Amino acid sequence: MKLTLKAHHAPAAAGLSLAICALTLLLNGHTIMLPQLLAGLTRPVNIGLLFAVGFAPTTAYLFGGDSLLLEAQARRPLISVDLALGAVITAPILLAACAALTTRDTSTALGVARDGCAFIAATLLLLALTRPSLAATVPVLYFLAISTVGLNSDGSTHTWAWLRAQPSPESCAVSIALLALAVTAFHCLARRKAAARRPLEDRATT
């Protein structure tokens, strides 16, 4: 297991995840002003959401790569590997949420959990269904979209830009459910997808 986690760059990914969560807590309450292109407004975006999008490339770095090709040929069950990788990237989120709760900052705790789980889930689903480059970039593009066109003219949030809205227990539960679905999809599909894609990439380079 130690060699497997090392092959997946687990220490570096854990450090990045911890840094994202630490910055979110340290800069809690800060915002960045971005223009709302369709609403004709300028509205603040929680800086925690900006940091949370960093989970997309971090997750792609941790779960993707050539290790998937080697693991596609493994005969032993790999569910323990996937759960261990999931723990590596989500443990800092849990710690950050607990730290916020100790100061009775429920909104920050819910926001850290909701945003982090949502971006990790989106990346894992894209890894399971597409290629690593898309998995790392599409969530970033989504962040740019909700940050600039995610509001109505009255200042309310579009349904599809739900991460832009105020965190709630319900939205946090949705993110956690999406994460469970994404881990399942990744476990069932990602390695076979990577193994099937490699011959096509090899032919394209020859």
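At what angle do α4 and α8 pack, and how far apart are their axes? In this predicted model, the two helices pack at an angle of about 165°, and their axes lie 7 Å apart. Angles over 145 degrees count as roughly antiparallel, so α4 is roughly antiparallel to α8.

**α4 with α8**
- α4 passes α8 in a right-handed crossing.
- On the α4 side, the contact is made by A56, P57 and A60, and α8 contributes P132, A135, A136 and P139.
- Sorted by class, this contact has seven nonpolar, no polar and no charged residues.

**α6 with α7**
- The axes of α6 and α7 come within 7 Å and cross at roughly 165°, and these helices are therefore roughly antiparallel to each other.
- Here α6 passes α7 in a left-handed crossing.
- I89, T90, I93, A96, A97, A100 and L101 of α6 meet α7 residues T106, T108, A109, V112, A113, G116, C117 and I120.

**The largest nonpolar core**
- This core holds 38 residues, and the ones that touch the most other members are L49, F55, L62, F63, F119, I120 and L124.
- Elements giving two or more residues to the core are α2 (10-26), α3 (47-52), α4 (55-63), α6 (79-102), α7 (106-129), α8 (132-149) and α9 (169-205).
- α7 gives the most to this core, with nine residues.
- Leaving aside residues up to four places away in sequence, L124 touches T59, F63, L179, A182, V183 and F186.

Conventions
Residues are numbered from 1 along each chain as its sequence is written. This is a predicted model: local features need pLDDT of at least 70, side-chain atom pairs count only at pLDDT 80 or more; totals for chains, interfaces and linings use all residues. Side-chain values use heavy atoms; hydrogens and water are left out. A nonpolar core is a set of buried Ala, Val, Leu, Ile, Met, Phe, Trp, Tyr and Cys residues joined through side-chain atoms within 4.5 Å. Buried means under 20% relative accessible area, exposed over 50%, partly exposed in between (1.4 Å probe, protein chains only). Helices (H or I, at least four residues) and strands (E, at least two) are DSSP runs, numbered from the N terminus. Contact means heavy atoms within 4.5 Å. Axes are lines fitted to C-alpha atoms, for helices over the stretch in contact, and angles run from 0 to 180 degrees between N-to-C directions. Angles under 35 degrees count as roughly parallel, over 145 as roughly antiparallel, 65 to 115 as roughly perpendicular and the rest as oblique. A crossing is left-handed if the near helix is turned anticlockwise from the far one by less than a right angle, and right-handed if clockwise. Ala, Val, Leu, Ile, Met, Phe, Trp, Tyr, Cys and Pro count as nonpolar, Asp, Glu, Lys and Arg as charged, and the others, Gly among them, as polar.
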